[in-house]
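Here are my notes for your review. Please read them with the coordinates open.

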Amino acid sequence: MDGLVQSVVYDTSSPANIYSATVMQKVDGDQKIVMIASKKDMITLESKIIDDKVETSIVELNFSNIPSNAEIISIHCINRCKEFDDFVFGITYALIVEDEEPETAETYLNLYSGFPGSSLEAIMENCKTLKLDFVPFQLNHAIYMSELQKNGMWLLSGSDKKIHAYKIEEQEILEQKVEEYFIEFEDTKDSIVLCFGTKSLSDYKKRLSYYGCETGYSMLAIVDSGKNQILHCFLERYESPITVMQLFNIHKKTVDIDNILSAVKDDSIPDCDTVDEKEQVCLLVGSAVESAVVYMNVLKNDLRNAITLTDSNRHQAIVCALITDVNFDSKNEILLGTYGNYILNYVYENNNWVEQQQFDMRDSVYTICYLDIAGEGVNDVVVMSERGIHILKHEPNYIVEVLKNRLKL
């Protein structure tokens, strides 16, 4: 996190949670973040040039079919197409009735979509709703193969200790049998799944899937996507709930003077649903009590080569994580958000993960994202904490030095 300074803090009326943010990845490379700002309010961040300065402000979003007594739980969005923007949003919420037990609250899943190229305003008005019979947790999506075609599915973990699968058919949200599409999510060890996800290999013929449970179970599976068949499955048991799991490559593609022409010809927008099997594929696992662990090169070593992120549990529970290149060295770093108010930054050096910095947010950290809010060509770190929204920006002088080194000036 070298060269990062906190530039803006927006107070929100109530704390966020770990499922409070999603990023719209547009086909032209632009990004927009959508966040749960309070129990019932949705917002985004927009930037304008005022008096030759970039000013970022909060813009409220009015998603339809969310009652006034709703408490929003989780949000996720996907872009259904690689050639043009075709976004779908999913939002889960509970209806809170005064003097009634929270466990008895009605819960719902809303899916919002439009036509290719639809504005966010148009998407927010086109809603389909499904009543749930459990309390929802993480909302996510995954890609499965059917007759050599890639298809998307909504996945949702719940208080009933299952991962549910949904898709829209004939203008309705219909639940599917998860084992018919994602066999690896059929058995969740009779536990509530707090975090889960999938990443396909570059040809989409195989996928890596994972989940982490309230009881401390974590699972990693290698699956034949076409046959929906588990090839290998690995389980670990921790002493506390699994709060964070992410698959990632160590190296990140960057542009410099030697490859700038080829980079322009390549598809510069990364495929967020895949990992590159030609590089090391690693798995980060974080829990509520123990130090986080990175399992190195899981395609070759399974879960046998583990590196502990030393002292990563010293600021109470690990709540969230961001894996990206924030210091522009073409290698991904690990940023851990903790309940004890700190963001911890780990870098990969000499075959080990080493803590480089810590950043005091003064409030519990629930979500960390990395995107270009202002359209200036440089990403910002956006943090949702117990107090509100924090924006950490790179110092201009630091960016200038990075550019000089890249262009060999």
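1. Start with the pair at lysine 206. This residue stands opposite aspartate 224 in E16. Please bear in mind throughout that the model is predicted. The two strands involved are E15, residues 206-213, and E16, residues 217-224. They run antiparallel, and seven bridges join them.

2. Next, the sheet around that pair. How many strands form the open sheet, and in what order? There are four, ordered E14-E15-E16-E17, with antiparallel pairing. The edges are E14 (193-200) and E17 (229-237). Each of these edge strands pairs on one side only. From one strand to the next, the twist averages 10°.

3. Now to strand E8, which covers residues 106-113. Is E8 mostly covered or mostly uncovered? Mostly covered: seven of its eight residues are buried. Buried here means under 20% relative accessible area.

4. E8 pairs with E7, residues 87-95, in the antiparallel sense. Eight bridges make up that pairing.

5. Which residue of E9 is the bridge partner of asparagine 110? That partner is threonine 129.

6. Two backbone angles deserve a look. As background, most residues other than glycine have a negative phi. Lysine 161 is not a glycine, yet its phi is positive, at about 65°. Where does lysine 161 sit? Its place is in the loop between strand E11 (149-158) and strand E12 (163-169). Lysine 161 is partly exposed, with a relative accessible area of 34%.

7. Phenylalanine 328 lies in the loop between strand E22 (318-324) and strand E23 (333-338). What is its relative accessible area? The value is 22%, so phenylalanine 328 counts as partly exposed. The cut-off matters for this residue, because buried means under 20%.

8. To recap the points to check in the viewer.

How values were computed: Residues numbered from 1 in each chain as written. Predicted model: local features only at pLDDT ≥ 70, side-chain atom pairs only at ≥ 80, totals over all residues. Heavy atoms only, no water. Buried < 20%, exposed > 50% of the residue type's maximum accessible area, 1.4 Å probe, protein only. Pairing = 2+ DSSP bridges. Axes fitted to C-alpha atoms, helices over the stretch in contact; angles between N-to-C directions.
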